[in-house]
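Please read these points with the model open beside you. They cover pockets, a cavity, helix packing and backbone geometry.

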Amino acid sequence: MIRTVSSEEITRNIKEMCIEANHVLSEDMKTVFYETVESEKSDLGRQVLCQLKENLRIAGEDMIPICQDTGMAVIFIKVGQDVHIEGKNLTDAINQGVSEGYVEGYLRKSIVEPIKRINTNDNTPAVIHCEIVSGDKIDITVAPKGFGSENMSRIFMLKPADGLEGVKEAILTTVKEAGPNACPPMVVGVGIGGSFEKCAQMAKHALTRDLNEKPEIPYVRELEEEMLGKINKLGIGPGGLGGSVTALSVNIETYPTHIAGLPVAVNICCHVNRHAHRII
């Protein structure tokens with residue numbers, strides 16, 4: 001059976017999710033973040049974390065954006081093959097939702113033409129990653145991405161001989177170079193394999209994973225734990241002012257790649273790691 005979904009319903013949900021993600025931290029992020037307040041060993045680090053915690057409380061209660069940089073809207077959407085979208089095409093429906101969310105939600109409009117820097121005035125267009133899947137549902141994740149952390153991200157086209165040690169070095173190099181600029185404590189998304197663009201997409205998508213979920217592949221799970229430990233030993237700390245909590249999580253996705261390559265992307269996100277998820 002084909003299920004019909006109105007483009008207006010997609011637009012409405014995208015609008016609400018843009019506002020939600022920019023004001024309220026997801027429960028998994030909130031839990032892990034609050035735990036770090038207790039585990040941070042540095043007095044100054046704990047002070048920074050307490051200030052950030054208070055900022056999160058005020059943002060949620062008073063509906064004030066968690067961060068003044070309300071990001072570029074990144075949309076991951078899975079559309080069931082048994083869904084018929086009625087009305088506008090999917091891309092237009094999504095961008096209308098982003099436009100309405102940022103304009104009516106009084107969120108900062110940060111999107112400009114790349115060279116002449118002319119603002120689009122409604123934070124569109126969004127970056128849209130669409131996948132056709134089985135079923136009759138539409139799965140949507142909205143992830144506003146600020147560019148303080150985005151600018152610190154990197155892609156490495158490693159040689160196969162670089163192997164796992166090369167991957168580890170790429171992750172640590174990226175975090176070291178980012179230092180305080182990515183607003184730590186950070187979440188580190190990593191994509192390993194695929195191609196130049198595929199590994200970057202995986203790194204971005206990895207940031208949206210529930211922090212309570214762990215990878216099924218044993219070596220990936222072990223690599224996440226090892227890298228989180230090594231990153232937190234760098235001493236960058238909350239706000240880059242020193243401490244034992246530089247990262248809240250390292251999330252890794254993998255994909256088969258070509259025999260001649262080993263692409264690795266590291267996409268860093270700040271301590272809020274904003275995202276909202278719904279199923280229509």
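How do the residues lining the largest pocket divide into nonpolar, polar and charged?

1. **Largest pocket.** The lining divides into 12 nonpolar, nine polar and 13 charged residues. Here Ala, Val, Leu, Ile, Met, Phe, Trp, Tyr, Cys and Pro count as nonpolar, Asp, Glu, Lys and Arg as charged, and the others, Gly among them, as polar. The largest pocket holds about 950 Å³ of space. Of its 34 lining residues, K78, H205, T208, R209 and E253 are the closest to the centre. Two or more lining residues come from each of α2 (27–39), β2 (72–80), β4 (127–133), β5 (138–145), α7 (196–206), β8 (247–255) and β10 (276–279).

2. **Basis and terms.** This is a predicted model: local features need pLDDT of at least 70, side-chain atom pairs count only at pLDDT 80 or more, and totals for chains, interfaces and linings use all residues. Residues are numbered from 1 along each chain as its sequence is written, and side-chain values use heavy atoms, with hydrogens and water left out. On a 1 Å grid over the protein atoms alone, a pocket is an open set of points with protein on both sides within 12 Å along at least five of seven lines; a cavity is a set where a 1.4 Å probe fits but cannot get out; lining residues have an atom within 4 Å of a point. Grid points are joined across faces, edges and corners, and a volume is the space filled by probe spheres set on the points. Helices (H or I, at least four residues) and strands (E, at least two) are DSSP runs, numbered from the N terminus.

3. **Second largest pocket.** Its volume is about 220 Å³. The lining consists of D69, G71, M72, R108, S110, I111, V112, P114, R117, K145, G146 and F147. By class, that is five nonpolar, three polar and four charged residues. R117 also stands out in its backbone: phi is positive, about 60°, although R117 is not a glycine. R117 sits in the loop between α4 and β4. Most residues other than glycine have a negative phi, and most peptide bonds are trans.

4. **Cavity.** The count is one cavity of 30 Å³ or more. The largest cavity has about 50 Å³ of space. A143, P144, K145, K204, L207, T208, N273, R274 and H275 line the largest cavity. β5 gives the largest share, three residues. The classes are three nonpolar, three polar and three charged. T208 is also among the residues closest to the centre of the largest pocket, and K145 also lines the second largest pocket.

5. **α1 and α4.** Two packed helices are described by the angle between their axes and the distance between the axes. Axes are lines fitted to C-alpha atoms, for helices over the stretch in contact, with angles from 0 to 180 degrees between N-to-C directions. The axes of α1 (residues 7–23) and α4 come within 7 Å and cross at roughly 40°. That makes α1 oblique to α4. Angles under 35 degrees count as roughly parallel, over 145 as roughly antiparallel, 65 to 115 as roughly perpendicular and the rest as oblique. The crossing is right-handed (the near helix is turned clockwise from the far one by less than a right angle; anticlockwise is left-handed). The contact (heavy atoms within 4.5 Å) has nine nonpolar, six polar and three charged residues.

6. **α6 and α8.** The axes of α6 (residues 163–178) and α8 (residues 218–232) come within 11 Å and cross at roughly 40°. α6 and α8 are therefore oblique to each other. Their crossing is right-handed. L164, V167, K168, I171, L172 and V175 of α6 meet L223, E226, M227, K230 and I231 of α8. The contact has eight nonpolar, no polar and three charged residues.

7. **α2 and α3.** The axes of α2 and α3 (residues 43–62) come within 9 Å and cross at roughly 150°. That makes α2 roughly antiparallel to α3. The crossing is left-handed. F33, Y34, T36 and V37 of α2 meet R46, L49, C50, L52, K53 and L56 of α3.

8. **Cis peptides.** Please check two bonds in the backbone. T124 and P125 are joined by a cis peptide bond, with omega about 5°. P125 is in the loop between α4 (90–104) and β4. P184 and P185 are also joined by a cis peptide bond, with omega about 10°. P185 is in the loop between α6 and β7 (186–193).
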